[in-house]
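Please read the following report alongside the sequence and the model, taking one region at a time.

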Amino acid sequence: KKLYEIYGDDYVVYQQDTEEEKVELRLPSEFQSLLKEPKGFNPLFRKVKEYAEKRGITREDIIRYNIGYCDGGMYANRIIIPSYDSNNRLNYFIARSVYDEEKFKYKNPPVSKNVIMFENQINWNEPITLVEGVFDAMAVKRNAIPLLGKFIPKKLNDSIYNNEVKKINILLDEDAQEQALRHTMQFQNQGIETRNILPSDKDASDMGF
């Protein structure tokens, strides 16, 4: 209820089959697709397109992930990368500033990170690759799941076992190899074929496909 009062129509409270009250997430009302170039000169659109290209985001990525931006509101001047669950319902989104001088690079929604990012893109019957961020996942391209950090969310951990995943690749940044090795050992001890891939560059997005 408090989230609804603070953020208005962007967030709506609803009940699930659990005892907890959940928050259904919606994209900001100012969200604009990167597929549609505004009429007239629009420096923000050009800046976001330039940023997307610099991060290796293609037109196919924009379509696949429904990537956009906000030209106003609390997520103004940020590229928006939504994530959808297995029912194609929005479960999270990343809001990253396209300006280097911005102090707070990320301003993400005030909801739990206990989600499976890009879940509607995942084939659990094929090997999955765990990476840290959304740009890493888009660089890897095939069956990659961003952890939004170095640790595996409980919902993702449960789904890996429930879907009887056979092979896992772990590709975390150089500064997260301690956690990567722990994850590798955890899955190997459960009989899952697991590889820890050491990044040849700073992170997966730098390595590319």
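## A buried aromatic pair

In this predicted model, Y65 is buried, and F118 is buried as well. The structure holds 5 aromatic pairs, and one of them is formed by these two residues: the ring centres of Y65 and F118 lie 4.5 Å apart with the planes at 45°, so the pair is classed as tilted. Because Y65 belongs to helix α3 (residues 59-65) while F118 sits in the loop between β6 and β7, the pair ties together parts of the chain that are 53 residues apart in sequence.

## A second aromatic pair

Y161 and F187 also form a tilted aromatic pair, with 6.1 Å from centre to centre and 50° between the planes. This pair, too, links distant parts of the chain, since Y161 is found in helix α5 (residues 154-162) and F187 in helix α6, 26 residues apart. Are the two residues buried or exposed, or something in between? Y161 has a relative accessibility of 30% and therefore counts as partly exposed, whereas F187, at 0% relative accessibility, counts as buried.

## The parallel sheet

Four strands make up an open sheet with parallel pairing, and their order is β8-β7-β9-β10. At the edges are β8 (144-146) and β10, each of which pairs on one side only. On average, and with direction ignored, neighbouring strands of this sheet are turned by 20° against each other. Helix α6 packs on the sheet, where it touches β7, β9 and β10, and its direction makes about 170° with that of β10.

Looking at individual pairings, strand β7 (residues 128-131) is joined to β8 in the parallel sense over 3 bridges, and within this pairing L130 has I145 of β8 as its bridge partner. Strand β9 (residues 167-171) runs parallel to strand β10 (residues 193-196), and 4 bridges join the two; here N169 has R195 of β10 as its bridge partner. The chain passes from β9 through helix α6 (residues 177-189) to β10, and the β-α-β crossover made in this way is right-handed.

## The antiparallel sheet

Another open sheet of 4 strands is paired in the antiparallel sense and has the order β3-β4-β5-β6. Its edges are formed by β3 (31-33) and β6 (90-97), each of which has a single partner strand, so one side of each is left without a neighbour in the sheet. From one strand to the next, the twist averages 35°.

At one end of this order, β3 and strand β4 (residues 68-70) run antiparallel and are joined by 3 bridges, with Q32 having Y69 of β4 as its bridge partner. Helix α2 (residues 43-54) lies across β4, β5 (78-84) and β6, and it runs at about 135° to β4.

## Confidence in the model

How high is the mean pLDDT of the protein, and what share of its residues reach 70 or more? The mean pLDDT is 87, and 85% of the residues reach 70 or more. Over residues 1-21, however, the pLDDT is below 50, and this stretch has 40 contacts in the model beyond near neighbours in sequence. Where pLDDT is low, predicted coordinates should not be read in detail.

How values were computed. Residues numbered from 1 in each chain as written. Predicted model: local features only at pLDDT ≥ 70, side-chain atom pairs only at ≥ 80, totals over all residues. Heavy atoms only, no water. Pairing = 2+ DSSP bridges. Right-handed = clockwise from strand over helix to strand, strands pointing away. pLDDT = per-residue confidence, 0-100. Contact = heavy atoms within 4.5 Å. Axes fitted to C-alpha atoms, helices over the stretch in contact; angles between N-to-C directions. Phe/Tyr/Trp six-rings, centres within 6.5 Å; stacked < 30°, edge-to-face > 60°. Buried < 20%, exposed > 50% of the residue type's maximum accessible area, 1.4 Å probe, protein only.
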